[in-house]
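Visitor: Could you take me on a close look at one part of this model, and then show me how other parts of the chain are packed?

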Amino acid sequence: MRRLLPLLLLLLGPALPAAAATPTPASDAFPYTLHTDTLPNGLTVVRVPYPSSGIIAYVTVVRVGSRNEVEPGRTGFAHFFEHMMFKGTKTHPEGERERILGNFGYDDNAFTTDDITLYYSYGPTAGLPQLIEIEADRFRNLEYSEPSFQTEALAVLGEYHKNAAAPFLKMEEELNAAAFTRHTYQHTTMGFYKDIQAMPQAYDYSRTFFERWYTPDNTLLFIIGDFDDARVMELVRQHYGPWDRKAAQVNVPAEPPQKGARTAHIDWPQPTQPRQVIAWRTPSAGTSLADAAIQTLLVDYLAGPTSPAYKTLVLDKQLVESIGSDYSEHRDPHLFTLTATLKDERHRDAVRKTLLQEVSRLAAGRVDAARLKAIQDHARYGALMALETPRDVGIQLGWYAGVTGSPDGFQRHLQSLPKVTPAQLSNFTKRYLTANKLILLSLTPKTDAQGGTK
């Protein structure tokens, strides 16, 4: 699997705004300058000079994920295409791309989320001219046979079986099913199992999917590191300029308001630790980075190592192995979660009560302003300290650009973090983390359900 291991009708189509040809300057929030141009075909090209002598990162973000999979029976294709994009072209048949990039020593990978598919190559500037030509070729001219397609479809089915052997995929499936009744976030990035089983018969549709979403106006290209900007843009225009497809327009069903708490439960057939997820549907980063910043801070405020819940559940009473959150930024309204891995099934009620009490305190306006400030500083500086290589910068820029549609989404997110006030944190919690919007997911291992030990 080529995947990186680090939720009315909305119009989904060629939504990338025309980027300005002027640079986005470095600042305290983000110390690197972005030079952005948009080609006539709609491709957004962002160059970021970075002090990495002789090294570059090359990141391509396509704004397609499981969110885009609106047709019944066709889920999982965004993730599937992450695999297919390495199958070659007529100019560079399968295996040739990897041979050329391997000779230069490039690290090459990709991953798919609910909202984006991101591809990156990381290596020497000396190979950049060849890399630009090869990448433009595969995004314009991907070629694969039906037998190759069918073989890869079976590989994806095997990947599903492997992931299904651990609790996490089943938990994600059950939580999504409980949270979403109409929106395409109802299915995971891998897709519904029955759709994955049927993929080998969907060769013709796969070509439609590629033509529909792998288009210049639905793609952002980031080049970070040590390079000659004028020469890079000359090569980009030469090789990407003829790419002329336009992104499709489809309607993603909006999720109706939730009317009352929902629950889901999993009886896991193998020994493992009991788990608890508490979730609420919350606003998207795609429409409000201010709301995304609040939720980023809520993770640590409610379940981080300085939180009262952590002190009670992990340190003092030792009822859990860990608490945390699976929150991540999404293009449409998704989920804010609190998670707990329990030491014993008997402690489930006490753990859930403790976490919900902390939510209630915050909603009531009881905010520790000093602790919030420390969390804000840690979040901001932690994000900046994680930008150790051009690849780190490119993946962060690509992730936020894919979700927000704006090349400077990551910078604006970092700028939003210190602006969150105690009142905003409390008001957000009071508005969205409510009892009638609650979704509870529990997982009980078979041995615990029968009264045994884990």
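Visitor: I would like to look closely at helix 15. Which of its residues are buried, and what do they pack against?

Guide: Happy to show you around, and please keep in mind that this is a predicted model. Helix 15 covers residues 422-432, and its buried residues are Leu425, Ser426, Phe428, Thr429 and Tyr432. Looking down the axis of helix 15, you would find these buried residues within an arc of 160°, so they line one face of the helix. As for partners, the buried residues of helix 15 pack against strand 10 (275-282), helix 9 (289-303), helix 11 (348-363) and helix 12 (369-385).

Two of those partners, helix 9 and helix 11, also deserve a look as a pair. The axes of helix 9 and helix 11 come within 10 Å and cross at roughly 120°. An angle of 65 to 115 degrees would count as roughly perpendicular and one over 145 as roughly antiparallel; helix 9 and helix 11 are therefore oblique to each other. Their crossing is right-handed. On the helix 9 side the contact is made by Leu298, Tyr301 and Leu302, and on the helix 11 side by Glu358, Val359 and Leu362. Sorted by class, the residues of this contact are five nonpolar, no polar and one charged.

From here we can turn to another helix pair. Helix 1 (residues 77-84) packs against helix 4 (residues 146-164) at an angle of about 120°, and their axes are 10 Å apart. That angle makes helix 1 oblique to helix 4. Helix 1 passes helix 4 in a right-handed crossing. Helix 1 brings Phe77, His79, Phe80, His83 and Met84 to the meeting, while helix 4 brings Phe149, Glu152, Ala153, Val156 and Glu159. By class, this contact of helix 1 with helix 4 holds six nonpolar, two polar and two charged residues.

Next come helix 3 (residues 128-141) and helix 8 (residues 229-240), whose axes come within 9 Å and cross at roughly 25°. With angles under 35 degrees counted as roughly parallel, helix 3 is roughly parallel to helix 8. The crossing of helix 3 and helix 8 is right-handed. From helix 3, the residues that take part are Leu128, Pro129, Ile132, Glu133, Glu135, Ala136 and Arg140, and they meet Val232, Leu235, Val236, His239 and Tyr240 in helix 8. The contact of helix 3 with helix 8 has eight nonpolar, one polar and three charged residues.

Now let us go down to single residues. Gly398 lies in helix 13 (residues 390-404). Gly398 is buried, and its relative accessible area is 0%. Setting aside its neighbours within four places in sequence, Gly398 is in contact with Val61, Ile116, Leu118 and Phe222. Ala230, by contrast, is 168 residues from Gly398 in sequence and 22 Å from it in space, C-alpha to C-alpha.

One of those contacts, Ile116, can be viewed from its own side. Ile116 is found in the loop between strand 5 (107-112) and strand 6 (117-124). Ile116 is buried, with a relative accessible area of 0%. Not counting residues up to four places away in sequence, Ile116 touches Val61, Val62, Val64, Gly65, Phe111, Gly398, Trp399, Gly402 and Val403. Between Ile116 and Ala303 there are 27 Å in space, C-alpha to C-alpha, and they are 187 residues apart in sequence.

His265 has its place in strand 9 (residues 262-268). His265 is partly exposed, at a relative accessible area of 41%. Apart from its neighbours within four places in sequence, His265 is in contact with Leu441, Ser442 and Thr444. The C-alpha atoms of His265 and Leu175 are separated by 9.1 Å, though these residues are 90 residues apart along the chain.

Our last stop concerns the backbone. Most residues other than glycine have a negative phi. Gln318, however, has a phi near 50°, a positive value in a residue other than glycine. Gln318 sits in the loop between helix 10 (308-316) and strand 11 (320-324). At 45% relative accessibility, Gln318 counts as partly exposed.

Definitions and conventions: Residues are numbered from 1 along each chain as its sequence is written. This is a predicted model: local features need pLDDT of at least 70, side-chain atom pairs count only at pLDDT 80 or more; totals for chains, interfaces and linings use all residues. Side-chain values use heavy atoms; hydrogens and water are left out. Buried means under 20% relative accessible area, exposed over 50%, partly exposed in between (1.4 Å probe, protein chains only). Helices (H or I, at least four residues) and strands (E, at least two) are DSSP runs, numbered from the N terminus. The arc is that of the directions from the helix axis to the C-beta atoms. Contact means heavy atoms within 4.5 Å. Axes are lines fitted to C-alpha atoms, for helices over the stretch in contact, and angles run from 0 to 180 degrees between N-to-C directions. A crossing is left-handed if the near helix is turned anticlockwise from the far one by less than a right angle, and right-handed if clockwise. Ala, Val, Leu, Ile, Met, Phe, Trp, Tyr, Cys and Pro count as nonpolar, Asp, Glu, Lys and Arg as charged, and the others, Gly among them, as polar.
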